[in-house]
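Notebook open, model on screen.

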Amino acid sequence: MRRACLLSIYDLARLDDRVVFIGSDITKQNLEKFSAEYPDRFFMEGIYEAHIVGMAAGLAFNGKVPYINTIATFLTRRCYEQILIDLGLHNLPVRLLGSGGGTVYAPLGPTHLANEDIAILRAIPNMTIVAPCDADEMNRLMPQTLNWSGPVYVRIAKGGDKVVSSGRHPFEIGKAIPLREGHDVLFISTGITTQIALDAADQLSSAGVESSVLHVHTLKPLDAGQILARARGVRAIITIEEHTLMGGLGSIVAETLMDAGAADGKRFARLGFPDVFTEELGSQGEIMNKYGLSAENLVNKAKQLLNH
Amino acid sequence: MTVKSAPLDARGIQHRREILKILEQAQRGHVGSAFSVMEIVCVLYDDVLRFDPKNPRWPDRDRFIFSKGHGCLALYVMLAEKGFFPSEELYKTCKFGAMLGGHPESRKIPGVEASTGALGHGLSIGVGCALAARIDRKNYRTFVLIGDGESNEGSVWEAALSAGKHKLDSLTVIVDYNKMQSYGTTYEIQDLEPLVDKWSSFGFSVREADGHDVRALKKALLDVPYDAGRPSALICHTVKGKGMRTTEHNPEWHHKAKLKPEELKQLYAELEGAL
């Protein structure tokens, strides 16, 4: 997914000379063409995230569309004030491409996990937040970032994730994608948890339970209309996210349902990380399994809610 | 450099009179900080910056990032004087719905490049402006005014590293070095010395000036870049609260709220040289 993202920026740079790339001491891989062909618009900067976000703001004030890539943890937390003021307050078209959103860097320990990026960034007015589910969707997203107004955060998952999106579903920033229709339970997912939701839906289908899957790739601006429309016919709603339960997708959906008075008579559950620092190391899959972010647990949760 | 401080000229007194009038209405403001930078801002707008108040976003204008946003009363006075907005706005400062606040906002105020107030943001933005000029082969210059207290922020030095690396000779950082921060002196809170050596070691060509000597400032600011291929730093030795005995070197006047009529009367009198 990161590869697709970085190669897309090269394509955008070819189309539009406003496009500028800023990296923070990241690997050369997938950047060779950009740096060779557009050296005046390619900046491989030091490990100072606060500075590069401010620098990107200065470039954007002067008509550029900077794409910044570094590890999601540092790109969201280290420079939060720069994101909020320099990008958010000024509503500048800077694109923050966070590698390893969620638990991609599980074996590297808690300093490298970005399990709260959505929660902290969505509190910033003017911010757009997108978490594609696979590399194909990343390819559909990136061209739309070029002329999108205001700052955008793109949560990049691990490379090689299973491709579950399809060109049959038109991609538009801010428009959730219904990937499956079913009248019993609605799964609402974002990023790679959409893969889990689809797997769970398959498993439930063989047990006679029909599920809807709504892929909310854009967390902000939210497609509240689509969430409410899909919620209407089902008995149970479960959100699943590779993110803390404090303020992410589950919170967003709960707020949306409650605000609209659409939660009555429905069972509701949120799957995500509890309010703890994970300690396990291992792989992304192992950590997600441990905290119930698996098709198996989603199936069980759905059955449990529907049987009540 | 021996720290001397030139006496105020007529414009310096007039500008401070304006700031006192704003304070009278707003009942709050970073008094010491504004008086500290007044001559720097005045010389920039009188003699150095290319700008067009009728077209504040003129693409070829010089960029001036007022990074130590809390000193903005000095900026407001100059922007009004140069015609960016009507002077009446000055006397609504900090009021509900006003254009001018306790820190400058670019989305509201013509002539303000970036909203500042959170310290340590401006120099990075200035680096971005200078890089954009280089990409677009434009010859506008970028000036960033920072404070000495602000220089405690690590991001200032991140930006300095980057400016040096990119050899941004269209970029000038102006340091308002009054040696006072909110609690006390920079020497006791966070000593910056040797400050000239610091900027120099980050790749800047450095000069020093008396930050209240209009002629010296003009010469130093018209001379940039000091060296081709290097960003410039002008360390301005200033006096916090410059111009009034009560406010000079007095951390209590870093920010002042709820000014009493007798305090203002005293300040006016000191400014006019009556005391």
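Burial first: I call a residue buried if 20 or more other C-beta atoms lie within 10 Å of its own, exposed if 12 or fewer, and partly exposed in between, with C-beta atoms placed from the backbone. A nonpolar core is then a set of buried Ala, Val, Leu, Ile, Met, Phe, Trp, Tyr and Cys residues joined through C-beta atoms within 7 Å.

Ground rules: this is a predicted model, where local features need pLDDT of at least 70, side-chain atom pairs count only at pLDDT 80 or more, and totals for chains, interfaces and linings use all residues. Residues are numbered from 1 along each chain as its sequence is written, while chains are lettered from A and ligands numbered from 1 in the order in which they are written.

**Core.** I looked up the largest nonpolar core and found 176 residues in it. Those with the most contacts inside it are Ala56(A), Ile68(A), Phe187(A), Leu298(A), Val41(B) and Leu44(B). Helix 2 (residues 31-48) of chain B gives the largest share, 12 residues; helices (H or I, at least four residues) and strands (E, at least two) are DSSP runs, numbered from the N terminus. Domain 1 (2-156) and domain 2 (177-306) of chain A both give residues to this core, so it lies between them. Those domain bounds come from an automatic or database domain assignment.

**Phe187(A).** I checked its contacts, meaning residues whose C-beta atoms, placed from the backbone, lie within 7 Å. Leaving aside neighbours within four places in sequence, Phe187(A) touches, among others, Ala197(A), Val213(A), Ile238(A) and Leu298(A).

**Domains of chain A.** The C-alpha centres of domain 1 and domain 2 of chain A lie 27 Å apart. Their contact takes 23 residues from domain 1 and 26 residues from domain 2. On the domain 1 side, helix 6 (117-122) and strand 5 (128-130) of chain A each supply at least two residues.

**Chain A against chain B.** I found 23 residues of chain A in contact with 20 residues of chain B. Helix 3 (49-61) and helix 5 (80-89) of chain A give two or more residues each to the chain A side, and helix 3 gives the most, with nine residues.

**Helix 5 of chain A.** How many of its 10 residues are buried? I get seven, so mostly covered. Among them are Gln82(A), Asp86(A) and Gly88(A). The buried residues pack against helix 3 of chain A together with helix 4 (122-135) of chain B. After helix 5 of chain A comes Asn91(A), with a positive phi near 55°.

Terms used:
Contact = placed C-beta atoms within 7 Å.
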